Amino acid sequence: GVRELAANVGVVFSSTDGKVVDHFEYEEEGDRTVIKATNYMSDNAGSILSKQTREGTLYWSGMGQNIARENDLAFSAIRGFSTSYCPTKKGAVSKKKGLNAFTGTDISLVSLVQARNNARVAVSGSFTMFSDAFMSKKGSSNKAFAEDVSSWVLGYKSVLRFKDLKHVKKGTGVSQDVYRIKDEISVSLKIEEWSAAKQKWLPFERSDVQVE
C-alpha cells in the first residue's frame with residue numbers, strides 16, 4: 001500500500017490515521033485540520049521552491065509523516081508548526097514512544113526524496129492540497145507549490161551535470177593518479193544546470209559548491 005511505498009523511501013506515516021491538528025495555525029472557518037502552512041524548507045536560492053510559493057500560504061489537510069534522522073536522502077519541503085500534532089483515536093497527543101515523532105516541527109507535511117541514482121520522489125499526506133478549492137483560496141500558494149514540486153520531481157529544475165574535471169598537485173601543476181594523505185590538490189570543473197525553459201544547459205552560478 002501507500003504506507004509501504006513511502007516507507008521504502010524513508011518516509012513514515014503516522015499510525016493513528018488521524019489528520020494533523022493545529023489549534024493555532026488553522027483556517028479561519030474553524031476546521032482545526034485545515035492548516036495554513038508556511039513552515040517551508042530553507043531555499044533562498046529557489047532550487048525547489050520559488051519565491052512565489054514561499055511568500056504564500058499552503059492550505060493543507062491530511063496525514064502527517066516523519067523522516068528518520070538517519071535518512072540522508074529524504075527531506076521535508078514543508079513542516080508542521082510547533083503547535084501541530086497527529087492525534088490518537090481519542091483526539092489527544094500520544095505519549096507513547098515512537099508517536100512523539102509526530103508532533104511539532106517533526107511532522108513533515110510534504111516530503112521529498114532524491115535517491116542515489118538521482119531518481120526523485122514526492123510524498124504528500126494530503127490530496128486536498130491539490131484541489132481547486134484550496135488552490136483558489138486568497139493568498140494560497142498551493143498551485144505554485146504543486147508546480148514547483150512536480151517540476152523538481154520530473155527533472156525540469158535543479159538538474160546538474162559536470163564536465164572538464166581536472167585535478168593537480170598544488171605547487172607543481174602536475175596531475176597524478178595517486179595522491180598522498182597530506183598532499184594539497186587543486187580541483188577545477190565546470191558545472192551546468194539544465195534549463196527546461198530554454199531547453200539547454202546553462203552555467204551553474206553558486207558560491208557554496210562542495211567537492212567530496
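## Exercises on a predicted model

Strands E11 (160-169) and E12 (185-195) each supply at least two residues of the nonpolar patch. The exercises below start from the whole protein and return to that patch. This is a predicted model, where local features need pLDDT of at least 70, side-chain atom pairs count only at pLDDT 80 or more, and totals for chains, interfaces and linings use all residues. Residues are numbered from 1 along each chain as its sequence is written, and side-chain values use heavy atoms, with hydrogens and water left out.

### Exercise 1: overall form

Compare the radius of gyration of the protein with that of a compact globule of 212 residues.

*Solution.* 
- Start with the rule: the radius is taken over C-alpha atoms, and a globule is given 2.2 Å times the number of residues to the power 0.38.
- A compact globule of 212 residues would come out near 17 Å, but the protein has 21 Å.
- Next, take the box. Along the principal axes, the C-alpha atoms fill roughly 70 × 40 × 30 Å.
- Count the elements: four helices and 13 strands. Helices (H or I, at least four residues) and strands (E, at least two) are DSSP runs, numbered from the N terminus.
- Check burial. Of the 212 residues, 35% count as buried. Buried means under 20% relative accessible area, exposed over 50%, and partly exposed in between (1.4 Å probe, protein chains only).
- Finish with contacts, meaning heavy atoms within 4.5 Å. Among those between residues at least 6 apart in sequence, 63% join residues at least 24 apart.

### Exercise 2: helix H4

*Solution.* 
- Now list the buried residues of H4: Asn142, Ala144, Phe145, Ala146, Asp148, Val149 and Trp152.
- Look just past the helix. Gly155 takes a positive phi of about 80° there.

### Exercise 3: Asp148 and its surroundings

Find the residues in contact with Asp148, leaving aside its neighbours within four places in sequence.

*Solution.* 
- Locate the residue: Asp148 lies in helix H4.
- Its contacts are Ile48, Leu49, Ser50, Thr53 and Lys157.
- Take Ser50. It is 98 residues from Asp148 along the chain, yet the two C-alpha atoms are separated by 6.8 Å.
- Take Lys157. It forms a salt bridge with Asp148, the closest N and O atoms being 3.8 Å apart. A salt bridge here is a side-chain nitrogen of Lys or Arg within 4 Å of a carboxyl oxygen of Asp or Glu.
- Judge the burial of both partners. Asp148 counts as buried because its relative accessibility is 9%. Lys157 is also buried, with a relative accessible area of 17%.

### Exercise 4: further salt bridges

How many salt bridges does the count come to? Describe the pairs Glu192 with Lys163 and Arg206 with Asp208.

*Solution.* 
- The count comes to 11 salt bridges.
- Side chains of opposite charge can pair when their charged atoms come close.
- In the pair of Glu192 and Lys163, the closest N and O atoms are 3.4 Å apart. This pair links distant parts of the chain: Glu192 in strand E12 and Lys163 in strand E11, 29 residues apart.
- Glu192 is buried at 13% relative accessible area, whereas Lys163 is partly exposed at 34%.
- In the pair of Arg206 and Asp208, the closest N and O atoms are 3.0 Å apart. Asp208 is exposed, at 52%, and Arg206 is partly exposed, at 36%.
- Salt bridges that share partners join Arg161, Lys163 and Glu192 into one network.

### Exercise 5: the nonpolar patch

Which residues form the nonpolar patch on the surface?

*Solution.* 
- Apply the rule. Patch residues have over 30% relative accessible area and no salt bridge; like charges are joined within 9 Å, nonpolar side chains (Val, Leu, Ile, Met, Phe, Trp, Tyr) within 5 Å.
- The members are Phe162, Leu165, Ile185, Val187, Val209 and Val211.
- Together they have about 550 Å² of accessible area, from the Shrake-Rupley method with a 1.4 Å probe; for residues, only the protein chains shown count as cover.
- Val209 is partly exposed, with a relative accessible area of 43%.
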